[in-house]
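Please go through the points below with the model open beside you. They cover the sheet, its helices and the aromatic side chains.

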Amino acid sequence: MTDPIQHLTEANHLRRFFIDGSWCEPDGAERARVVNPATEAEVAQIALGSEADVDRAVSAARRAFRSWSRTVPQERAALLSRIHALILERAEQFAQAIRIEMGAPITYARQAQVPLAAEHIRVPRDNLANFPFLSQRGTTAIAKEPIGVAALITPWNWPLFQITAKVGPALAAGCTVVLKPSELSPLSALLFAEIMDEAGCPPGVFNLVNGSGPVVGEALASHPQVDMVSITGSTRAGIQVAQAAAPTVKRVAQELGGKSPNIMLPDADFARYVALGVASAMRNVGQSCSAPTRMLVPRERLGEVESLAKEAVEAFVVGDPAEEKTTHGAIANRGQYQRVQTMIEAGISEGAKLVIGGPDRPDGLEAGFFTRPTVFSEVRNDMAIAKEEIFGPVLAILPYDTVEEAVEIANDTVYGLGAHVYGADMDRARAVAAQIRAGQVHINAPAFDPQAPFGGYKQSGNGREYGHEGMEEYLETKAMLGFYP
């Protein structure tokens, strides 16, 4: 059955949590509406957890940690293999869930949201074959050991992708987990819990409690039996989690906001790369924390870039996410839709040049959280649309006079999550990339690399996901002196 709502309703999982290897009733009766952003209609209701539900899940994870932490890598890899296979087996159901819960076009859900999520299970599985859990330094042994119970707090914009990016390496490291997905896009998380059960995950190793940030998120962050928290979300949410975690001195890994630059060097192939830059900024309807939403271009090429960017946006098809021709669906929820509209109005009031787009819905769409893909030019870096994370399909084009100035503008932000550089001279492109204060830099539109560590500088967070570095977030380091004669 590919209809996720019907499936979850018949399984009676919408209003239950997955704790200690079984589906269970919540402690309280609080509910949250799940709204399809393309229609603004309620499609389901889910249970919201309490501190008591969190305590029950954390206790189960603590008990399971004793045995799971002692498993050999091959056993953990075998579980990850089963999870990976089941995600691919149920890929269409996941894609439909993501379409319904956060408005992603079905084609994008099938081609990106689900398969990239599966990669975050495959990669830690494969890395287990050669990960150095024990190494020698002179007569000292350096052991990498699982940190313990990990609380995982995931966002609504890449709902399955962000779950697997945390659950995969956490389980590979030997940790047990309690997952709190976003209550705004919970359907794919419930399907993922079903997969964990079907894959034979030992009781307590994986637990899911739906709920709000102020209740379930804070209870997890402050819980004395939780050893670390990994959160992907806004910078504001990351600060709140860190504050709640501070009294228990637990590790907090944060992947937070961004305002990523995209430097088009003077020798770049503008005819090709401007369109790719626009597409990158507006992928997932701009709802990606690392989206390169500041395009920096030589001042003398500004008019040309405006024309190319306008042409790229005109090729987009904004509409019903269920239609395969749709390239850009709805903003994921009402609050974010209103935020995007406010920021577009701010760009106009600040005097930026509106190249294409603007406020309100596209013509012909009378309902749903649809917004016009918007490009501003002649933007200054002190404008709100250049400084603040918008999280929608809004691109700011900023002119520069020298490459040195472009680097200065790129780094003039409180964020440091990602960046893009385009140029024909690879030595210069590499030199510019090396100067950008960000955790991940893309040079000339490379392919997605799930082994490349991802994370932020400055207010974009701390810690890394993906690859070996992603697994290391869930490990402690122990030195045993005199271990070797």
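1. Strand β12 (residues 261–264) and strand β13 (residues 294–298) run parallel, joined by three bridges. Ile-263 faces Leu-296 of β13. Strands here are DSSP E runs of at least two residues, helices are H or I runs of at least four, and both are numbered from the N terminus. Strands pair if DSSP finds at least two bridges between them.

2. This is a predicted model: local features need pLDDT of at least 70, side-chain atom pairs count only at pLDDT 80 or more, and totals for chains, interfaces and linings use all residues. Residues are numbered from 1 along each chain as its sequence is written, and side-chain values use heavy atoms, without hydrogens and water.

3. The open sheet has seven strands, ordered β14-β15-β16-β13-β12-β17-β18, with mixed pairing. β14 (353–356) and β18 (440–443) are the edge strands; each has a single partner, so one side of each lacks a neighbour in the sheet. From one strand to the next the twist averages 25 degrees.

4. Helix α10 (residues 270–282) packs on this sheet and touches β12, β13, β15 (374–377), β16 (394–400) and β17 (418–422). Its direction makes about 170 degrees with that of β17. Helix α14 (residues 403–411) also packs on the sheet, touching β12, β13 and β16, at about 145 degrees to the direction of β16. Contact means heavy atoms within 4.5 Å. Axes are lines fitted to C-alpha atoms, for helices over the stretch in contact; angles run from 0 to 180 degrees between N-to-C directions.

5. There are 14 aromatic pairs in the structure. Phe-18 and Phe-206 have ring centres 6.3 Å apart and planes at 40 degrees, so this pair is tilted. Rings of Phe, Tyr and Trp (its six-membered ring) pair with centres within 6.5 Å; planes under 30 degrees apart are stacked, over 60 edge-to-face, the rest tilted. Phe-18 is in strand β1 (residues 17–19) and Phe-206 in strand β9 (residues 206–208), 188 residues apart. Phe-18 is buried, at 2% relative accessible area; Phe-206 is buried too, at 1%. The cut-offs are under 20% for buried, over 50% for exposed and partly exposed in between, with a 1.4 Å probe and protein chains only.

6. Tyr-108 and Trp-158 pair edge-to-face, at 5.9 Å centre to centre and 65 degrees between planes. Both Tyr-108 and Trp-158 are buried.
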